[in-house]
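Here is a short report for a reader new to this structure. Take a look at the model first, then read on.

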Amino acid sequence: MKCRRCREPAVIDVRRHNAAFCQPCFLHHCREQVRRAIDEFDMVQPGERMLVAVSGGKDSLGLWHILSELGYPADGLYIGLGIGDYSDTSGRYAQEFADRFGYTLRHVDIRDEYGFDVPTGSRAAKRAPCSACGLSKRHLFNAVAMEHNYDVLATGHNLDDEAAVLFGNVLRWEAGYLGRQYPILPATDGFVRKVKPLVRLGERELAAYCVLSDIDYIVEECPMAAGNRHLGYKEVLNTIEERSPGSKAAFVFGFLEHAHHRFAGDATEEREDLGPCTVCGAPTPGDICAFCRMQARATGTRIPVTVTTSATMTAEGAELDH
Ligand code: Q46
Ligand code: ZN
């Protein structure tokens, strides 16, 4: 097996591209995929301040490294979610990576700063753990980016993640979510611009990028991931990809090109009529945002009861997924 670019012996094949690469050319391929995503979707301009959401896993650390290699220096943001040893270990990987490369890592611990952790918030709000966790991360990523005046927030969602989310949204025809499923969400009142520069790279490519770049990352899965719907969707899509390489990319990029615009209006409608949360100021369809309500329930703090209408329920999705 020879490298497609330089004809030296290859170390990895990427079936989707029907290509194999040696180490330097594979790293170049990964950087090129990120550069193309940034250019194609106009994600960030030179000189803008970027914050990368970092979990200690291969995707976010790989992304942070590639962005820096491409000349987009970024600060990192790690959220301590209070998920037992998993959080302690993943936080250590993130910090060691930042120290090694001399990057700035911001650290928010929700137990220290908000008085609860994800398992407690999940029980108190009667949400599935990943729902409580996702709500907390989205809320805090945006809040920190806004507070410190970053122009753009980058997350490590890769092609496999995007395909699994799209699969779930299509399965239920979630029009609002489909309208927001795009590699860039522009800044709106109270929301920082959000980008997904890894949309052209698969999970296996990210793992290989980290190994071949000598980047240590947390390999173990989050203990709360079991039963997560997206893991099931990923298994289904992996089976399809195995038989027909390129299916995931065709699914995601076909949607972006041919179908996304049909749902964009549904997302805009849901984003209208948001006002500031009376507790934290974040945009919300009700008086108090879902994060502050979860915090209040988890910590036993009294807050005024909000009336939840079906319109509010729908709009809450907009708040969660921006
Ligand atoms: S960290 Fe959080 Fe994930 Fe763990 S609780 Fe679920 S969402 S699985 S990316
Ligand atoms: Zn709030």
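Is His-65 buried or exposed? Its relative accessibility is 8%, so His-65 counts as buried. The cut-off for buried is under 20%. Keep in mind that this is a predicted model.

## Around His-65

His-65 is part of helix 2, which covers residues 58-69.

## Overall build

The protein has 322 residues. Taken along the principal axes, the C-alpha atoms fill a box of roughly 65 × 45 × 40 Å.

The secondary structure consists of 14 helices and ten strands. Of the 322 residues, 51% are buried. The exposed surface comes to about 15,500 Å², and carbon and sulfur atoms supply 49% of it.

Contacts also reach along the sequence. Take those between residues at least 6 apart: 71% of them join residues at least 24 apart.

Six strands form an open sheet in the order 5-4-3-6-8-7. Their pairing is mixed. Strand 5 (105-109) and strand 7 (184-185) are the edge strands, and each pairs on one side only.

Strand 3 (residues 50-53) and strand 4 (residues 74-80) run parallel. Four bridges join them. Met-50 has Ala-74 in strand 4 as its bridge partner.

## The zinc site

Which residues hold the donors of the zinc ion (ligand 2)? The protein donors are the SG atoms of Cys-277, Cys-280, Cys-289 and Cys-292. They lie 2.2 to 2.4 Å from the zinc ion. In sequence, the donor residues follow the spacing C-x2-C-x8-C-x2-C.

Why is the arrangement around the zinc ion (ligand 2) tetrahedral? The four donor atoms subtend angles of 104 to 114 degrees. Four donors count as tetrahedral if all angles lie between 85 and 135 degrees. The arrangement is therefore tetrahedral.

Cys-277 has a relative accessible area of 5%, so it is buried. Cys-280 has 39% relative accessibility, so Cys-280 counts as partly exposed.

Conventions: Residues numbered from 1 in each chain as written. Chains lettered and ligands numbered in written order. Predicted model: local features only at pLDDT ≥ 70, side-chain atom pairs only at ≥ 80, totals over all residues. Heavy atoms only, no water. Donors = N, O, S within 2.8 Å, 3.2 Å for Na, K, Ca; no water. Tetrahedral: all angles 85-135°; square planar, octahedral: opposite > 155°, others 65-115°. Buried < 20%, exposed > 50% of the residue type's maximum accessible area, 1.4 Å probe, protein only. Helix = DSSP H or I, 4+ residues; strand = E, 2+ residues; numbered from the N terminus. Rg over C-alpha atoms; globule rule 2.2 N^0.38 Å. Contact = heavy atoms within 4.5 Å. Areas by Shrake-Rupley, 256 points an atom, 1.4 Å probe, with all protein chains shown as cover. Pairing = 2+ DSSP bridges.
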